[in-house]
Amino acid sequence: MQPNPSERDPYNGLTSLQPTLPSAAYWDAEAYRRDLEVIWYRSWLMVCREADLAEPLAFRTVRIGSQEIVVLRDETGALRAFHNTCRHRGSQLCQESAGRLKARLLTCPYHAWSYSLRGDLVRVPSKSLPEGFDKADYPLYRVALSLWRGFVFINLAEEPDGSAESSFDRASGDLSNWPLETLVTGHRLTKVMNCNWKIFWENFNECLHCPGVHKDLSRLVPIYGRGLMARHDD
Ligand code: FES
């Protein structure tokens, strides 16, 4: 039985008048760098569906701030994520945004260092290696990965807290009656937003603008047409 709205986890939205962020939060390069450090490089981020990487050797790259990550399915079927950066001189390893590796190795296009799909450096083409060089010291930088109901999440923190699921906002409601595992990707739309990321999120998280801006949507979802949202209208 669904809990009564008043019995759910406490409402976590604003309950009193708050000032908006200072304008610099939307355009200042230092503010953006801080956003990356304290939010984007420390949070669980959904990158794709498990089914998007259904076959062994399938990979996908994703950029978060200045960091490029490769997510792949290894030959044993395990999903893994690494910084898409060679340990030799930092070249980009996978140069396409998605596809299937041609071998069970990630080979750098620059000087051909090769890594297993577990991220271990396994081959260096040079015949003479410096004394003390040990391949075991140069694995790819691993990225934490967490699965939840068919979704693949990554977290760039060295030691992330918990899992993707443990980071969810409980007040957002219960999704257990929704068969998320059965979803398949039917269409992928990529859009570059020419604005600071917070502008988009703030807009997405309210629908007070919907009656004026999205009239068709408001006709389909009557509560949006009211132009007035209550706490538990979700
Ligand atoms: S930068 Fe990758 S092998 Fe040199």
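How many helices and strands does the secondary structure of the protein chain come to? The count is 6 helices and 10 strands, where helices (H or I, at least four residues) and strands (E, at least two) are DSSP runs numbered from the N terminus. The model is a predicted one, with local features needing pLDDT of at least 70 and side-chain atom pairs counting only at pLDDT 80 or more, while totals for chains, interfaces and linings use all residues. Residues are numbered from 1 along each chain as its sequence is written, and side-chain values use heavy atoms, with hydrogens and water left out.

On to the overall build. Laid along its principal axes, the C-alpha trace spans about 75 × 45 × 35 Å. Of the 234 residues, 30% count as buried; buried means under 20% relative accessible area, exposed over 50%, and partly exposed in between (1.4 Å probe, protein chains only). The accessible surface of the protein chain comes to about 16,000 Å², and 53% of it belongs to carbon and sulfur atoms. These areas come from the Shrake-Rupley method with a 1.4 Å probe, and for residues only the protein chains shown count as cover.

Taking contact to mean heavy atoms within 4.5 Å, 52% of the contacts between residues at least 6 apart in sequence join residues at least 24 apart. The chain carries 28 positive and 29 negative charges, and their mean positions are 6 Å apart. Here Lys and Arg count as positive and Asp and Glu as negative, with His and the chain ends not counted; the place of a charge is taken as NZ of Lys, CZ of Arg, CG of Asp or CD of Glu.

Next come the cysteines. The structure holds 1 disulfide, a disulfide being a pair of cysteine sulfur atoms within 2.5 Å. It joins Cys207 to Cys210, with an S to S distance of 1.7 Å. The torsion about the S-S bond of Cys207 and Cys210 is about -90 degrees, so the disulfide is left-handed. Both Cys207 and Cys210 are buried. Cys48, on the other hand, is in no disulfide, and the nearest cysteine sulfur, that of Cys94, is 13 Å away. With 3% relative accessibility, Cys48 counts as buried. As for Cys94, its sulfur is 10 Å from the closest cysteine sulfur, in Cys108, which is too far for a bond. Cys94 also counts as buried, at 6% relative accessibility.

Cys94 turns up again among the neighbours of Leu106. Leu106 lies in strand β6, residues 105-107, and counts as buried at 3% relative accessibility. Leaving out residues up to four places away in sequence, Leu106 touches Leu72, Cys94, Leu101, Trp113, Ser114, Tyr115, Leu117 and Leu140. Leu106 and Gly119 are 13 residues apart in sequence, and their C-alpha atoms are 8.3 Å apart in space.

Several loop residues are worth a look too. Leu57 is not a glycine, yet it has a positive phi of about 80 degrees. It sits in the loop between β1 (45-49) and β2 (58-64) and is buried, with a relative accessible area of 12%. Arg149 also has a positive phi without being a glycine, near 50 degrees. The loop that holds Arg149 runs between β9 (144-148) and β10 (151-155), and Arg149 is buried at a relative accessible area of 19%.

Gly90 lies in the loop between β4 (79-83) and β5 (98-100), where it counts as partly exposed at 39% relative accessibility. From Gly90 to Arg170 is 80 residues in sequence and 40 Å in space, C-alpha to C-alpha. Ser163 is found in the loop between β10 and α3 (197-204) and is partly exposed, with a relative accessible area of 28%. Not counting residues up to four places away in sequence, Ser163 touches Trp44 and Ser146.
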